[in-house]
Amino acid sequence: KDYVEVLKDPRALIMIYQYGCCFGAELALNNVLPTHFQTYFQMKSGDAALAASSMGLMNFFSRAVGGIASDWLNKRFGFRGRIWAQFICLFFEALFLFLLGRCSDEHPWWYALMALLAFSLFCEACCGTSYSVVPFVNAKQVAIVSALIAMGGNIGAVLAQWCLYKTMDDVLLPFQVHAAFVLVGALLTPLMYWPEYGGMFRRASVPALEEAAPSEKATEVAPSEKETTV
């Protein structure tokens with residue numbers, strides 16, 4: 001029943017799709033990039049593996065950058081800043097993934113590497129912005145929301161792998177089509193709305209529930225009783 005309750009929330013479904021677009025894309029590209037660099041750009045296997053591994057190395061900081069950026073925008077603009085952070089990361093992830101798909105073998109291989117690094121930054125940062133939004137999707141079912149969104153990443157990787165990269169004969173077309181799916185994820189972001197927090201373009205319609213502030217009342221000290229001597 002708890003899982004059904006969460007899945008009835010359109011915001012949860014959007015987040016599942018979006019995590020499939022960021023973490024799912026990361027997993028899918030980790031699988032195809034070494035072969036792509038080696039066979040398409042005619043690189044040595046060691047050089048191709050090193051170029052492809054740059055995406056994983058970006059995880060040392062890029063995922064944290066997404067969370068930090070989301071927190072900073074939340075501090076400046078409120079919860080709406082978190083939604084904008086999500087949209088920006090997804091949009092530029094789609095842009096640079098498309099550019100990666102436009103780097104043909106007529107260009108030097110490092111063109112593709114530069115596009116990959118830019119894509120990796122926004123792709124992995126989006127993982128950070130996603131989980132900065134997760135606690136607000138359903139405050140009573142945070143664990144289930146987290147599990148379902150994480151599942152979306154794995155599903156997104158499998159679908160991208162088998163529906164795009166393994167079925168299309170054109171070497172670059174799968175990257176471009178994949179970018180279109182990520183762009184759809186970005187364009188779904190304005191549909192997420194919280195009455196108490198607002199959305200990308202709409203303000204909150206009801207006051208946000210605030211945590212009870214600690215009591216500021218001064219502790220009353222009972223007057224000391226005078227001792228009576230008998």
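In the predicted model, α2, α7 and α8 each contribute at least two residues to the lining of the second largest pocket. Among these elements, α2 gives the most, with 4 residues. The second largest pocket holds about 230 Å³ of space. It is lined by 13 residues, of which Val32, His36, Tyr165, Val171 and Phe175 are the closest to the pocket centre. Sorted by class, the lining of the second largest pocket comprises 6 nonpolar, 4 polar and 3 charged residues.

The largest pocket has a volume of about 280 Å³. Its lining consists of 14 residues, and those closest to the centre are Tyr17, Gly156, Leu159, Ala160 and Phe181. The helices α2, α7 (142–165) and α8 (173–187) each supply at least two residues of this lining. For the largest pocket, the largest share comes from α7, with 7 residues, whereas for the second largest pocket α2 gives the most.

Cysteine pairing was examined next. A disulfide is a covalent bond between the sulfur atoms of two cysteines. A search of the whole structure returned 0 disulfides. Cys22 takes part in no disulfide, and the nearest cysteine sulfur, that of Cys127, lies 3.9 Å away. Cys22 counts as buried, because its relative accessibility is 0%. For Cys103, the closest cysteine sulfur is that of Cys123, at 16 Å, which is too far for a bond. Cys103 is also buried, with a relative accessible area of 9%. Both values fall under the 20% limit for a buried residue.

A backbone feature was noted at Gln42. The phi angle of Gln42 is near 55°, a positive value in a residue other than glycine. Gln42 is located in the loop between α2 (10–40) and α3 (45–57). With a relative accessible area of 66%, Gln42 is exposed, since the limit for an exposed residue is over 50%. Gln42 is thus exposed, in contrast to Cys22 and Cys103, which are buried.

Definitions and conventions:
Residues are numbered from 1 along each chain as its sequence is written. This is a predicted model: local features need pLDDT of at least 70, side-chain atom pairs count only at pLDDT 80 or more; totals for chains, interfaces and linings use all residues. Side-chain values use heavy atoms; hydrogens and water are left out. Buried means under 20% relative accessible area, exposed over 50%, partly exposed in between (1.4 Å probe, protein chains only). A disulfide is a pair of cysteine sulfur atoms within 2.5 Å. On a 1 Å grid over the protein atoms alone, a cavity is a set of points where a 1.4 Å probe fits but cannot get out, and a pocket is an open set with protein on both sides within 12 Å along at least five of seven lines; lining residues have an atom within 4 Å of a point. Grid points are joined across faces, edges and corners, and a volume is the space filled by probe spheres set on the points. Ala, Val, Leu, Ile, Met, Phe, Trp, Tyr, Cys and Pro count as nonpolar, Asp, Glu, Lys and Arg as charged, and the others, Gly among them, as polar.
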